[in-house]
Amino acid sequence: MRSFFLLFLLFSVFYISAQEKTINFPHDFFGNYTGTLHIYNDKGNTEYPMEFHLQPTSFEKEYTYTIIYGNGEQRQERLYTLKEKDVEKGIYVVDENNGILLENKVINNKLYTLFEVNDSLLTTFITFEEDHLLFEIIFVQTEKKWKSGGTQEKIPEVFSYPIQVIQQATLLKQ
């Protein structure tokens, strides 16, 4: 009887752990998130209040996507729209509502973006959790890249980009 009970218990543990929660992006993560943005660069570290709002709209397949930096007179609101492009492939677009469109890739609960502006590359990662999100931007200047490799036929040229700025925030869902 003990063997049967132990076998049943092990089966139950494996069965429960094998069950994955289905994520319905972006619906599972609607809300307003607040916290502190930390900016790290060679000049030192700074902090700013930050908010991130993700909400439904009255338009199908479109969502408000608002980033707020600072508060009071220094408050800057970035009013964007998140649009579905190909949900099956996890492709969304952040429309900055000024002619700029940024393609995003969603895998599970993480939103990835890579774009270039004014000879700078920016990579954004937003990881949504049940009660918070992790926000991160990595900034590099393309003109400061350096090359290595390429000295032999089987070794390609590789370009490395020194990271100038990292922005990180853990924002709590309100």
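Lys-145 sits over the face of Phe-159, with 4.5 Å to the ring centre; a charge counts as over a ring if NZ of Lys or CZ of Arg is within 6 Å of the ring centre and within 35 degrees of the ring normal. The model is a predicted one, so local features need pLDDT of at least 70 and side-chain atom pairs pLDDT 80 or more, while totals for chains, interfaces and linings use all residues. Residues are numbered from 1 along each chain as its sequence is written, and side-chain values use heavy atoms, with hydrogens and water left out.

The structure holds 11 aromatic pairs, a pair being rings of Phe, Tyr and Trp (its six-membered ring) with centres within 6.5 Å. Phe-25, Phe-29, Tyr-33, Phe-52, Tyr-65, Tyr-80, Tyr-92 and Phe-128 are linked by ring pairs into a cluster.

As for the fold, the chain has one helix and 12 strands, taken as DSSP runs numbered from the N terminus (helices H or I, at least four residues; strands E, at least two). The elements run α-β-β-β-β-β-β-β-β-β-β-β-β from the N terminus on. Among contacts (heavy atoms within 4.5 Å) between residues at least 6 apart in sequence, 35% join residues at least 24 apart. The accessible surface comes to about 12200 Å², 53% of it belonging to carbon and sulfur atoms; areas come from the Shrake-Rupley method with a 1.4 Å probe, and for residues only the protein chains shown count as cover.

Of the 174 residues, 30% count as buried, where buried means under 20% relative accessible area, exposed over 50%, and partly exposed in between (1.4 Å probe, protein chains only). The largest nonpolar core has 29 residues, and those with the most contacts inside it are Phe-52, Leu-54, Tyr-65, Phe-128 and Phe-135. Strand S3 (residues 62–69) gives the largest share of this core, four residues. Such a core is a set of buried Ala, Val, Leu, Ile, Met, Phe, Trp, Tyr and Cys residues joined through side-chain atoms within 4.5 Å. Leaving aside neighbours within four places in sequence, Tyr-65 touches residues including Phe-52, Leu-54, Tyr-80, Val-94, Leu-111 and Ile-126.

Now to the stretch between helix H1 (2–18) and strand S1 (31–41), the loop where Asp-28 is found. Asp-28 is partly exposed at 33% relative accessible area. A polar atom of the Asp-28 side chain lies 2.7 Å from the backbone nitrogen of Asn-24. Beyond neighbours within four places in sequence, Asp-28 is in contact with Thr-22, Ile-23 and Lys-173.

Two residues other than glycine have positive phi. Lys-61, with phi near 70°, is found in the loop between strand S2 (44–56) and S3, and Asn-108, with phi near 55°, in the loop between strand S6 (101–107) and strand S7 (110–117). Lys-61 is partly exposed at 46%, whereas Asn-108 is exposed at 54%. Thr-127, in strand S8 (residues 120–128), is buried at 12%.

Note on methods: A polar contact is a pair of N or O atoms within 3.5 Å; within protein, one must be able to donate a hydrogen and the other to accept it, and residues adjacent in sequence count only if both atoms are side-chain atoms. Rings of Phe, Tyr and Trp (its six-membered ring) pair if their centres lie within 6.5 Å; planes under 30 degrees apart count as stacked, over 60 as edge-to-face and the rest as tilted.
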